[in-house]
Structures are given as structure tokens and as C-alpha cells.
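Please examine the structure shown below. The paragraphs that follow begin with a single residue and proceed to the arrangement of the chains.

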There are 2 protein chains.
Amino acid sequence: MLPTIKWDNGKIIMVDQRKLPGEEVYVECTDHNQVAEAIETMVIRGAPAIGVAAAYGVALGIMGLDEKDNLEERFDQIYRRLERTRPTARNLFWALERMKRAFFRERDRDLKKLQKAMLQEALDIEMEDVETNRRIGKWGRTLVKDDQTILTHCNAGTLATAGYGTALGVIRAAFEEGKKIQVYADETRPFLQGARLTCWELEKDSIPVVLIADNMAGYLMKKGEVSLVITGADRIAQNGDTANKIGTYTVAVLAREHNLPFYVAAPMSTIDFTLRDGNQIPIEERDPDELKWIGDVCLSPSRIEVRNPAFDVTPAEYITAIITENGIARPPFQKSLQELRKNKA
Amino acid sequence: MLPTIKWDNGKIIMVDQRKLPGEEVYVECTDHNQVAEAIETMVIRGAPAIGVAAAYGVALGIMGLDEKDNLEERFDQIYRRLERTRPTARNLFWALERMKRAFFRERDRDLKKLQKAMLQEALDIEMEDVETNRRIGKWGRTLVKDDQTILTHCNAGTLATAGYGTALGVIRAAFEEGKKIQVYADETRPFLQGARLTCWELEKDSIPVVLIADNMAGYLMKKGEVSLVITGADRIAQNGDTANKIGTYTVAVLAREHNLPFYVAAPMSTIDFTLRDGNQIPIEERDPDELKWIGDVCLSPSRIEVRNPAFDVTPAEYITAIITENGIARPPFQKSLQELRKNKA
């Protein structure tokens, strides 16, 4: 399996997720601006992976400083550049805040030691993310039974994290313990994370996967061909309202209509305990051309107006459980998420 | 506006809908096999347009016969070839049955007269379809208010009919009487009838249209940006259960979840009074490559398994009203559709 992102002797290397699965191309970043651009242009995507990238971006930024620099001023510039890359994923801000705490903890040491400490913090964030996902998988696999068919939307796999995945981590863990499962992957327009990334990951792991268009999930549920739904998350409010890839809300409505469990798998770092509910989660609207063009084919008349929200919010009432590394939260999430937060402390 | 299909001195001409809006290419058919292939490969699509094409296909088939042929045997071959092109759209079978009645009414006349009568029947079917759609539009526009935003799925417009459209006919009629409306067009994967055809038609008529991915409709409904939904239909059972383009069922579930009216616009010829409910409607599954490829871009790993149902069935309970040329049917449809049927007689 390709590493989504890795540190390599002064630079970070990411597989270009815009080009998978057709081409396996790597992007190298040697400063924080390049990392910011990679996040903005979706070379790397997926809330936990964006968090890891941002952490490395801060580390690269600090490593580029010298003794003459005003450290706090430059840190602030680096922080703000990375902070404005994408608005929705909580993990971006979580990772930046963690790097900020490391910076203020270490800034009085000499620059070389500060730089080393900042890199170590980013390396830790990456390593912990894989471990977190494995724990999510262990909890989550208890919710999956033998012979079940699992629908997932977007890509919440290795490529969306530092490794193993959240929603796909649960699927992997169930598969690894020998459960006979089959996955339906929504293609996930417009960026096609399901068709391009989820299918590619699952095929590599020999997990049976069938690709469908986003608009086919309802048909399959009505025919009784879906047992449960698992998706990732970009930001979860304290009441459990969950922002995730556009279309997730529709899948959740369909799941409830067909009495199917709808699970969200995400690390605690995706939960934004400062937000009362999902109405406060900012939703990014992206370039219309993402919807209009595939390769050099324009899918519509070229001047047509387009809406391109990248995320939607699924109200907590549609969510059966939220699977985290600290355990499984059930409604009311206001209470259960706080309890899991304490488990961590 | 391009004609979807027209008779031209011994051949029928169709705009190749697989290539719109990028290229305006015409396909000419001089025998019924070519027409059957054009229907199978979706050069022409949309239930009423398929019906018109099939009628012309029969006419071309009969026009290709000579005195030595066993007329009934050859008619039967032609009929069966066209009948097996696509299984779901009721209008295909309706048009073939009507051509069959014309054949048995006229077969004892000399061959030239029979041929002329068969062509006239096909020309009548085409002409009547446009008139039917205008009547659907007149009924339907009463359901649309000023300043409303209408979501439509797939293309039920000029290109899906002999002209004017069913769902888009209602939209056109509301627009023509000066109502200020805006349309959201689902792109409609995998064949992209919304992005390619609906946007193109509405732009030509200067009707404001905004393109969205299929998975964005729920987001917009939740934000209060959709007033009502209108779609076409491929086959309606006597109880009102409606087969239409894959994804229609999902839109209907979303509409009910958000308390929005969900209207179906279709000619009486789409209603299959022989079917008790939608479970009996055959659903076509098409070539996986329609989902995997766009132009020369493969969207997923090439060997991935795919499901590609072309239609789904929306149960009558999700449908607010069915708009036909004979009037507007409201639940219970079992009763109201039969009443509209009598209006016609």
C-alpha cells in the first residue's frame, strides 16, 4: 500500500490523490506553502490526512527559519497560511493547535532543538493516527456481522489518514478477523473518491467491493442488498451532528428510511467540542469546474452555473453510533461523546 | 431547438444524444435494425422518444418489404426486434402495440397503401406526443408558483420526447406564462442526462438552471433551497408506483423527508394498467463501462465490479401527484389514474 504521506529527510512526500488510480505520482513539499497548496488542491484529502499534512507543514515552516527570524511572528504566518487551506475538517485545526502547543512549549530552547521538537511532534501525530485507526477498527468490527454488505461513501481509508483508515479501518478489521463481507462503494461525485480511491484500496486488500453511482444506494437498500452504512467524518459537533463528504446526509436519510444502521467512524480529534451543533460547521463550496470537467471532457454546456458544496451535515438523529478510538458513542451523543473524551484523559 | 427525431424522405434522423452537448451529430436510420440499435445504444432515450422511434422503426421495417414477403411473419420479426431493445419504458411497448393495431387494420390493403398507412401512424404518434406534452405543461404549470425553485432529475425534456418535454414541459409552461422560476438539474450519473441534456435544453430556452451532482439535492433541500421536485417517468403501474431514471427514488425519499411536493409528469401512454404495482416493472441493468468510463478516462480501477441499474421504482406513497395530458392524478392513484383513463376515452 502506498503511504499517504511520509517524512523523508527534509521533505514530505505525498501520493497525488487527484491522479489515482490511473497514475501513481508523488508530490514533494519542502516548505509550508507547498503543503498548503497540496491541501487546497486536494493532492492530499481526508480529514485525518489533512491534519497530518498540516502538522508536517508547520514543522517544515519552522525548519526553514534561521536565527535572525522573529520566531513567533513567523510561526503565526505559517499557522495562518495552513489554517486557511480548507474550512471544514476539524483535524486540520486540531493538528495546528497541537503544533502550536508544542511551539510554545519549546520556543525557549535553541532553534535546532525547537526544530527537532516540532518535527517530532508531527511524526508523533502521524504515528498516533495509524494507531488510533486500528483502535477504531477494533471497536467498529464488533458492529459488523458475518455475511453483511456495507455501504460506504467517499474514501475514509488509508488515503484519508496516515494509514489503515477510519470507516475502511472498521471494514478492514472486520475482514481481517475473517468476517465475510462485501462493500458497496458510492463513486462520490464530483471528486470520485469512492470510485478512484476506495475501490483501489479495497481491491489491493482483496476485500470484495462493488462500485455504484451515488444515486443507486437507495435502489439497493430498497432491494434489501445493504446491511449497514459506515462513513468517515470531517467534523463532529458536541451533539453528534456530523459534517462529511457531500452526499453523506442523503445516505443517512436513506438508511433511516430503510431501518439500516448508519455508523460514523472518526478519531476523537474530529470532534469539535466547541460547537453546539452542526449548524455552526462551515461548509466549503469548491470550484464549479470540479463538477463540470472530467479529464478533458466537459460534462455540461460550458457556461452553466454550478453549485459545488464539498460537505453536508448529517443531524445526529440519523446516526446510530459514532465509532472512535476510545469506544463507541450511542445517542444521546451530547453525553456519550463527553464520556469518551474523559476516557482519553 | 434540435428535433429529437424526424422523418425525412425514407429515413429517420436523430440527434446522437450520447454526444451532446459537445458535438451535434446526426444518426440516420433506413431500416428497423438500425433504429433498434439506436435505442439500445442510447442514441435516442427517454420513454416517449423511444416510443416514437419504435413506431418509425416499424414503419421503416414495413416499407422495406415487397410483394413476395409473408407480411405477418415479417411484421412479427420487426416487432420482436424492436420490443427487445429496452425493457423498462412502457411507451416502447405502447407504440409497438399501436403500430400492431394499425398493421392488422390495414394489412388487407395493397402493400403500398399498407406502407403509407404505417408511416402515417408513426407520424401521428410523433405529432400527438408534442401535443400531449403541451397539455401536460398546461396542467402542470398550475402546480408551480412564482419564485419557486424546481429540482429535476435526468432529462424529461424535448430530447426525451418528440418535443417540449414532460417534466421540462411543465417547467417550460410555467416559465412561458411569466413565472419566475429556477431549476436545479441533477447531473444524473452515469449517463449524465441532467448535465448534458437538461442543462443544454434549458440554457437554449433561457430558463435559469443550476447544475448539481446527484448527491447534493439533500443538502439543498435541507437548506430550504428547493420548493418542489418534478421528474418524468418510464413506466407507471396502476397503483401509481413509478419507474424512472436511477436516483429518482432517492430524490423522492428526500422530498418527503423535507415535506416537499414530488410530482411525476408523463403521458397516459406511460401508464401500464396491466401492472398492479411497481414490483412487476422490469428494471434494466446496463453495461458496467457506462459507469466506469467517461470519454477515455477510466474513473476506477479497471477490473472493479460494478452495478448499473438504469431505473428505480418510486412507490406511490412518495408521489404527491401525477401530471398527465388528461389532468392531474392525486392519491389514491388506483382510482385517479383510472378516472383520467376514462377522460381520454
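Asn91(A) is buried, its relative accessible area being 2%; buried here means under 20% relative accessible area, exposed over 50%, and partly exposed in between, with a 1.4 Å probe and protein chains only. This residue belongs to helix H4 (residues 90-106) of chain A, where helices (H or I, at least four residues) and strands (E, at least two) are DSSP runs numbered from the N terminus. Apart from neighbours within four places in sequence, Asn91(A) is in contact with Ala47(A), Pro48(A), Gly51(A), Asp234(A), Pro267(A), Ser269(A) and Thr270(A), contact being defined as heavy atoms within 4.5 Å.

The model is predicted: local features need pLDDT of at least 70, side-chain atom pairs count only at pLDDT 80 or more, and totals for chains, interfaces and linings use all residues. Residues are numbered from 1 along each chain as its sequence is written, chains are lettered from A and ligands numbered from 1 in the order in which they are written, and side-chain values use heavy atoms, with hydrogens and water left out.

Two residues of chain A have a backbone feature to be noted. Met42(A), although not a glycine, has a positive phi of about 65°. Met42(A) lies in the loop between helix H1 (32-40) and helix H2 (47-63) of chain A, and counts as buried at 3% relative accessibility. Thr188(A), also not a glycine, has a positive phi of about 70°. The loop that holds Thr188(A) runs between S5 and helix H7 (193-204) of chain A, and Thr188(A) is buried with a relative accessible area of 0%.

Gly178(A), by contrast, is exposed, at a relative accessible area of 57%. The loop between helix H6 (167-176) and strand S5 (181-186) of chain A contains Gly178(A). Its C-alpha atom is 8.4 Å from that of Asp146(A), and the two residues are 32 apart along the chain.

In chain B, attention turns to cis peptide bonds. The bond from Leu20(B) to Pro21(B) is cis, with omega near -5°, and Pro21(B) is placed in the loop between strand S2 (11-15) and strand S3 (26-29) of that chain. The bond from Arg189(B) to Pro190(B) is likewise cis, with omega near 0°; Pro190(B) occurs in the loop between strand S5 (181-186) and helix H7 (193-204) of chain B.

Helix packing comes next. Helix H2 (residues 47-63) and helix H5 (residues 111-140) of chain B pack at an angle of about 170°, their axes 8 Å apart; axes are lines fitted to C-alpha atoms, for helices over the stretch in contact, and angles run from 0 to 180 degrees between N-to-C directions. H2(B) is therefore roughly antiparallel to H5(B), a term used for angles over 145 degrees. Residues making this contact include Val52(B), Ala55(B) and Ala59(B) of H2(B), and Met118(B), Leu119(B) and Ala122(B) of H5(B).

The largest nonpolar core has 134 residues, and those with the most contacts inside it are Ile230(A) and Ile230(B). Such a core is a set of buried Ala, Val, Leu, Ile, Met, Phe, Trp, Tyr and Cys residues joined through side-chain atoms within 4.5 Å.

Key: Parallel < 35°, antiparallel > 145°, perpendicular 65-115°, else oblique.
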